[in-house]
Amino acid sequence: MSVSQIEKNKPTFRSTRPVESSSATLAQSSNMRTYEYTRDTDLTDLQIQETIQTYNANAEEYSEQEWSEQSFKVVWQSVLSKLKDEIFELPENAKILFPGSGSAQSLLTLLFMRKDITATGYDISTKLLREGVNSLNWERVTRLAELIRVATQADSDNEKSRGWVNTIVNLLKLLTHMPELTERASEETLDSLQKRVNLLEGDITSSFFRPESFDMVLAVAVLPHLRKDQVLAAVLGMLNQLKPGRLLYFNVRYDPKTDTDSATTLKNGRVFKDNVIGGNRYFNTYTFSEIEDVLWRLRKKVPFESVVAFSLSHHFDKKKPQFINVTI
Ligand SMILES: C[S@@+](CC[C@H](N)C(=O)[O-])C[C@H]1O[C@@H](n2cnc3c(N)ncnc32)[C@H](O)[C@@H]1O
């Protein structure tokens with residue numbers, strides 16, 4: 001489905017009856033926001049539907065949040081700045097795939113990094129997709145350019161404060177890209193950006209592109225919305241759409257408590273729920289051994305050379321399960 005078709009299509013999800021609350025008393029709340037574990041050990045189909053309804057019904061607010069400075073920092077510092085070298089080493093005119101692209105903030109940030117690449121994003125929430133299409137406006141694009149400029153400067157300041165050996169090695173690496181990056185962002189025009197973006201409606205649990213179509217696949221914060229038995233198939237599907245030897249990035253939610261305090265956690269469930277904006281969203285959380293198990297089963301099916309798990313997102317609210325970022 002093309003961008004112009006999105007407008008014509010109604011959200012594909014029928015309304016569901018409200019999910020009965022099965023929340024444990026572990027609730028952490030401040031003002032109107034609540035984060036808590038339900039008693040479930042895996043997402044139910046109703047929880048998945050309710051999550052998508054929440055994204056659809058509150059798309060404008062989610063889009064505002066995704067385009068906030070805080071959200072930009074999470075995506076930039078925990079994902080894109082870590083993948084800078086790989087992104088700059090992509091072949092000319094590379095094609096990137098972004099499953100679960102939401103309102104397209106991270107997808108557009110990546111396009112700023114390389115002027116020749118094109119990006120295809122898809123999302124199950126029709127309304128958030130529409131927000132992504134609407135994000136291709138001058139105000140958002142210039143704001144993003146400024147956020148990138150500030151973030152790359154902050155990266156460089158961080159590197160400076162980490163001791164002289166790191167400073168020299170990392171700063172040199174960073175400075176190689178930084179002037180290009182800010183120059184590109186400021187030179188970018190809406191017209192050229194629009195030509196390089198393709199936004200579609202789609203579900204990560206079914207692969208709909210031809211095998212080996214993309215030079216990089218980045219699934220940012222989408223796998224936590226899947227049932228555990230869907231994750232392996234989704235990762236295999238993404239690998240199938242990736243050219244051989246290229247990089248796949250995804251993240252899942254890891255809760256340190258699940259490794260140290262399993263009795264309590266298991267009793268109180270493993271599905272994390274928030275109602276930060278307008279309704280409930282549910283996320284699966286994993287222990288390290290569960291993450292290892294997924295990777296192990298994956299490796300048996302598709303041999304790959306290396307797995308790099310980098311950085312838990314340090315900005316993240318300590319009350320919430322952290323993201324663990326994996327590249328293979
Ligand atoms: C936490 S948001 C992340 C959005 C974006 N990747 C970012 O980092 O800003 C999760 C996104 O995944 C989408 N999503 C959830 N389940 C999905 C599925 N099965 N297939 C595709 N997208 C899905 C949601 O609609 C939402 O846009």
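I count two residues as in contact if their C-beta atoms, placed from the backbone, lie within 7 Å. Among contacts in the protein chain between residues at least 6 apart in sequence, 77% join residues at least 24 apart.

A note on the source: this is a predicted model, where local features need pLDDT of at least 70, side-chain atom pairs count only at pLDDT 80 or more, and totals for chains, interfaces and linings use all residues. Residues are numbered from 1 along each chain as its sequence is written.

**Overview.** I find 14 helices and eleven strands in the protein chain. These are DSSP runs (helices H or I, at least four residues; strands E, at least two), numbered from the N terminus. Of the 328 residues in the protein chain, 37% are buried, meaning that 20 or more other C-beta atoms lie within 10 Å of the residue's own.

**Strand β3.** Is β3, residues 95–99, largely enclosed or open? Four of its five residues are buried, so the rest of the structure largely encloses it. I looked up its partners next; strands pair if DSSP finds at least two bridges between them.

- β4 (residues 118–123) runs parallel to β3, joined by five bridges, and Gly-121 is the bridge partner of Phe-98.
- β6 (residues 214–219) is also parallel to β3, with two bridges; here Met-216 stands opposite Ile-96.

**Ligand.** I see 20 residues around the ligand (C-beta atom, placed from the backbone, within 6 Å). The closest are Gly-100, Gly-102, Ser-125, Ile-204 and Val-220.

Definitions and conventions
A residue is buried if 20 or more other C-beta atoms lie within 10 Å of its own, exposed if 12 or fewer, and partly exposed in between; C-beta atoms are placed from the backbone.
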